[in-house]
Amino acid sequence: MATYESDLLRLLEERGYIHQMTDPDALDALAVEQVVPGYIGFDATAPSLHVGSLVQIMMLRRLQQAGHKPIVVMGGGTTKVGDPSGKDESRKLLTSEIIDDNIASIRTVFERLLTFGDGPTDAVMVNNDEWLSALGYVELLRDVGPHFTINRMLTFDSVKLRLDREQPLTFLEFNYMILQAYDFVELARRYDCRLQMGGSDQWGNIVNGMELGRRLEGRELYGVTTPLLTTADGAKMGKTAAGAVWLNEAQLPAYDFWQYWRNCDDRDVGRFLRLFTDLPLDQIAKLEALEGADINEAKVVLANEVTRLVRGEEAAQTAEATARETFVGGGAGEDLPTISVGEDGIRVGAALTQIGFTASGGEAKRKLAEGAVKLDGETVSDPGYVINVTDGASVKISLGKKKHGLLTR
């Protein structure tokens, strides 16, 4: 492990955030000398970010904890174009009104995790549409275009992936890396921003911005990327069979969010505690050293701490209480995912998919055949079984030992 002088790089290193870094010695010295404004960009393609973005949000939190200034850049402008990174197809284009609504919704999570204000280390949220939509096309071509070669742009992974798979890459998306590079320059001008952080797939875009800043402004800029975050079994962080694990309550109930962390792989507990909680490292070391059934205690701590940070104290307490009632007491729990059933009832397979426990009818049939499905504690295997619920009553539906929900009328 590298030895750094600055609180910032020490904190990022010891908690596992650093994958690649440009000129570590110079950035380390800068972070000792002054407050370093640093940014990460987030596109506003939905009303909520998902767990895959949480490591980046936590990076901004660490930046502020170390005495520096986080800049949250919402991609109101770049969302209109679409980032080709990691995509196999073009992104659906959204209206300005939808993008603005998405940004307002996304901001609520940042307000829990960062301190906003006018002070030197207070966070700010800016929208890159403010400067990108004001750019004249000829002006952009003249001032920025000469610093990018098509030869080099074609070597970037985000472009190569689409071309290698013979998937269409529009000229609109091809411009994305130029706009992101320009963001870094504009932020350097407006906020003296010196650092861009992001996931490992953003390395090329970050380097582009640094080089453009040096050529246009003569500024020394820096970049840090995080490792590609996958779970111990190789799955992409934040994706489940039932869909994305959203950060906002409106897109995913607190109990489901809590359960995502409670159900993590034993091998991920220590890493997740370092990345996604503020617990001291010595306490994390004790928790990740637990073995056998005791590791579940660490998972509950992880679920509580992350839910507390992202959703608030009340959400964490309610989710844990519901889990204890469901798993230990055999009860139904007031915070379980719930769907309403009509007077004609619902087939058990359809209920499993509708409540989000299975991704398709085929998966539901397999789970039923395996004997993994229970209604009020009784195993059901017939996919044609119709669940009827009387007025004011509820039926508890369970898939395995970890997924429980309610059918009401």
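**View 1. Six strands make up an open sheet with the order β1-β6-β5-β2-β3-β4 and mixed pairing.** Its edge strands are β1 (20-21) and β4 (124-127), each of which pairs on one side only. Two strands pair here if DSSP finds at least two bridges between them. Helices (H or I, at least four residues) and strands (E, at least two) are DSSP runs, numbered from the N terminus. This is a predicted model, in which local features need pLDDT of at least 70 and side-chain atom pairs count only at pLDDT 80 or more, while totals for chains, interfaces and linings use all residues. Residues are numbered from 1 along each chain as its sequence is written, and side-chain values use heavy atoms, with hydrogens and water left out.

**View 2. Strands β2 and β5 pair in the parallel sense.** Residues 37-42 form β2 and residues 195-199 form β5, and two bridges join them. Look for Gly 38, whose bridge partner in β5 is Leu 195. As background, strands of a sheet pair through backbone hydrogen bonds, either parallel or antiparallel.

**View 3. Helices α10 and α11 lie across strands of the sheet.** Helix α10 (residues 176-191) lies across β2, β3 (69-74), β4, β5 and β6 (222-226), and runs at about 145° to β2. Helix α11 (residues 203-217) lies across β1, β5 and β6, at about 175° to β6. Axes are lines fitted to C-alpha atoms, for helices over the stretch in contact (heavy atoms within 4.5 Å); angles run from 0 to 180 degrees between N-to-C directions.

**View 4. The largest nonpolar core has 72 residues.** Leu 54, Phe 110, Trp 261 and Phe 276 touch the most other members. Helix α15 (residues 295-311) supplies the largest share of this core, eight residues. Leaving aside residues up to four places away in sequence, Leu 54 touches Leu 113, Leu 247, Trp 261, Phe 276, Val 306 and Val 310. A second, separate core of 29 residues includes Tyr 39, Ile 71, Phe 156 and Cys 193. A nonpolar core is a set of buried Ala, Val, Leu, Ile, Met, Phe, Trp, Tyr and Cys residues joined through side-chain atoms within 4.5 Å. Buried means under 20% relative accessible area, exposed over 50%, and partly exposed in between (1.4 Å probe, protein chains only).

**View 5. Phe 42 and Phe 110 form an edge-to-face pair.** Their ring centres are 5.1 Å apart and their planes are at 70°. Phe 42 belongs to strand β2 and Phe 110 to helix α4 (residues 96-113), so the pair ties together parts that are 68 residues apart in sequence. Phe 42 is buried at 5% relative accessible area, and Phe 110 is buried at 0%. The structure holds seven aromatic pairs. Rings of Phe, Tyr and Trp (its six-membered ring) pair if their centres lie within 6.5 Å; planes under 30 degrees apart count as stacked, over 60 as edge-to-face and the rest as tilted.

**View 6. Ring pairs link Phe 257, Tyr 260, Trp 261, Phe 272 and Phe 276 into a cluster.** The charged end of Arg 311 sits over the ring of Phe 257, 4.7 Å from its centre. Elsewhere, the charged end of Arg 107 sits over the ring of Phe 116, 4.6 Å from its centre. For this, NZ of Lys or CZ of Arg must be within 6 Å of the ring centre and within 35 degrees of the ring normal.
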